[in-house]
Amino acid sequence: MDASAALQAAASRAGLELLADLDPVAPPLMWSEAFSALHEAHWRGAATRELTDATRSRLLAGPVARRQPARLHLEAWSVADRLGWARTYDAEYVALALLLRCPLLTIDERLRRGAGRVVEIVGPSDL
């Protein structure tokens with residue numbers, strides 16, 4: 001799962017727990033991106049401290065397992081090349097899905113459009 005999906009799920013009390021039966025995984029980058037987005041939302045005044053604190057706690061305690069296979073960064077580089085992306089951040093999510101042979105859960109439409117050519121993409125409504 002990517003940070004967009006994790007944040008949406010963690011914003012509700014039961015969100016991440018509903019995913020537990022799916023054994024969700026993410027690269028370590030997901031937590032950095034999610035925390036950055038939460039901090040920015042609070043900094044901009046778009047989210048209260050209570051909401052960001054609760055969401056952050058649920059992210060940390062949630063059922064998402066960190067996975068960093070040895071080839072993750074090289075595979076992300078390859079994915080970025082294949083998809084014509086300058087950065088490898090989003091490619092890490094795609095690379096992990098490819099390496100683990102699993103679908104990628106995201107709500108990011110840009111990622112869905114681009115990565116859908118190389119990996120199965122699912123959204124919350126597909127679950």
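User: What volume does the largest cavity have?
Analyst: About 40 Å³ in this predicted model. The structure holds 1 cavity of 30 Å³ or more.

User: Which residues line the largest cavity?
Analyst: Met 1, Val 25, Pro 27, Tyr 93, Leu 96, Ala 97, Cys 102, Pro 103 and Leu 104.

User: How many of the lining residues are nonpolar, polar or charged?
Analyst: The lining has 9 nonpolar residues, with no polar and no charged ones.

User: And where does the largest share of that lining come from?
Analyst: From helix α6, residues 89-100, which gives 3 residues.

User: OK, tell me about α6. How many residues has it, and what does it reach from first C-alpha to last?
Analyst: α6 has 12 residues and reaches 17 Å, close to the 16 Å expected at 1.5 Å a residue.

User: Which α6 residues are buried?
Analyst: Asp 90, Ala 91, Glu 92, Tyr 93, Val 94, Ala 95, Leu 96 and Ala 97.

User: What do those buried residues pack against?
Analyst: Helices α1 (3-10), α3 (29-43), α5 (72-83) and α7 (109-115), plus strands β1 (25-26) and β3 (104-105).

User: Switching to the backbone: which residue just after α6 takes a positive phi?
Analyst: Arg 101, at about 55 degrees, although Arg 101 is not a glycine. It sits in the loop between α6 and β3.

User: Is Arg 101 buried or exposed?
Analyst: Exposed, with a relative accessible area of 77%.

User: What about Asp 23, what's its phi?
Analyst: Near 50 degrees, again positive in a residue other than glycine. Asp 23 is in the loop between α2 (15-18) and β1, and it is exposed, with a relative accessible area of 61%.

Methods:
Residues numbered from 1 in each chain as written. Predicted model: local features only at pLDDT ≥ 70, side-chain atom pairs only at ≥ 80, totals over all residues. Heavy atoms only, no water. 1 Å grid on protein atoms, 1.4 Å probe; cavity = no way out; pocket = protein on both sides within 12 Å on 5 of 7 lines; lining within 4 Å. Points joined across faces, edges and corners; volume = space filled by probe spheres on them. Helix = DSSP H or I, 4+ residues; strand = E, 2+ residues; numbered from the N terminus. Nonpolar A, V, L, I, M, F, W, Y, C, P; charged D, E, K, R; others polar. Expected span 1.5 Å × (residues − 1). Buried < 20%, exposed > 50% of the residue type's maximum accessible area, 1.4 Å probe, protein only. Contact = heavy atoms within 4.5 Å.
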